[in-house]
Every structure is written in structure tokens, then in C-alpha cells.
Amino acid sequence: MSATRYRRFLKLCEEWPRDETKKGRDLGTFLRQRVASAFREGENTQIADPEKCDQMYESLARINGNAYRQRFPRVRDSSFTGVTVEECRVLLSGSMQQSMDEEKKGLWKTIMERFSSKSPEDVPEKVHEK
């Protein structure tokens, strides 16, 4: 029976989409890793709690099959903030984070250049009071 469960999870992993824009944060990649660790021996793996395993599979299959999206259709393709699906994708992708990091690096470099470009003559000496 564990062989059947293993095959069902493998099929689910094949069907589950990967989002290449979310490297290290992709749910599909995480799911594949969890299935690999749970079924280390492949079809010969002994499942400690078969009911929990079946329940987990059914839940993931409903999510993958868009059961909840069909059951509860959205009126608009935006959130309460008015951000569209595509705008959310851009915000959540690594490219947005990378561009933000580049901006920070640019600001840091600018600050460092301003402070390091001053010659000793430009820096006023401190007057020691006695």
C-alpha cells in the first residue's frame, strides 16, 4: 500500500508547477524535497501514520487542482490593496529583491565615496580644550 502512496505523491510532484522566479522559496521545490525525505526508501518506505499521509495527499491534491479557487471564485483579480496578480508576481519575485539590493549597494557606495574622497586638508582639526 505504501507503494501506491509513493506513486501518488510522485504524480502530484510532477503536476505541481515550479516558479523559477522564487528560487529557494518555491512551494513546488519544497514539496519535492519533503516527498523525497518522507519516502527515502521509495516504494518500500513504511508509513508510520497512513491516515495522516492520505489526508495530506488529499489536501495537496485539492490545492493543486484549484478546488478552492473553483469553489470560491474571486470577483476581481486584485487584492484589497488594488494590486493585480501580475504586480504581486513582480513584487514577490527575486528580481524585485535583487533590484532593491542593488539600490542599497548604490547608496552605500555613494556614501562611502563621499566620505573617503575627502583629503586630510578638508577635514577640520578638533580643538582640544583644557
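Rings of Phe, Tyr and Trp pair if their centres lie within 6.5 Å. Planes under 30 degrees apart count as stacked, over 60 as edge-to-face, and the rest as tilted. The model used here is predicted.

**Exercise 1. Find how many aromatic pairs the model has, and classify the pair Y6 and F39.**

Solution. 
1. By the ring rule, the count comes to 3 aromatic pairs.
2. Take Y6 and F39: their ring centres are 5.4 Å apart, with 55° between the planes.
3. Now place the residues. Y6 sits in helix α1 (residues 2-15), and F39 in the loop between α2 (27-38) and α3 (50-64), so this pair ties together parts 33 residues apart in sequence.
4. Both Y6 and F39 are buried.

**Exercise 2. Classify the pair F9 and Y57, and state whether each residue is buried or exposed.**

Solution. 
1. The centres of F9 and Y57 are 5.4 Å apart, and the planes make 70°. That angle is over 60 degrees, so the pair is edge-to-face.
2. F9 belongs to helix α1 and Y57 to helix α3, so the pair ties together parts 48 residues apart in sequence.
3. The cut-off for buried is under 20%. F9 has 5% relative accessibility, so F9 is buried. Y57 has 16%, so Y57 is buried.
4. Ring pairs link Y6, F9, F39 and Y57 into a cluster.

Definitions and conventions. Residues numbered from 1 in each chain as written. Predicted model: local features only at pLDDT ≥ 70, side-chain atom pairs only at ≥ 80, totals over all residues. Heavy atoms only, no water. Phe/Tyr/Trp six-rings, centres within 6.5 Å; stacked < 30°, edge-to-face > 60°. Helix = DSSP H or I, 4+ residues; strand = E, 2+ residues; numbered from the N terminus. Buried < 20%, exposed > 50% of the residue type's maximum accessible area, 1.4 Å probe, protein only.
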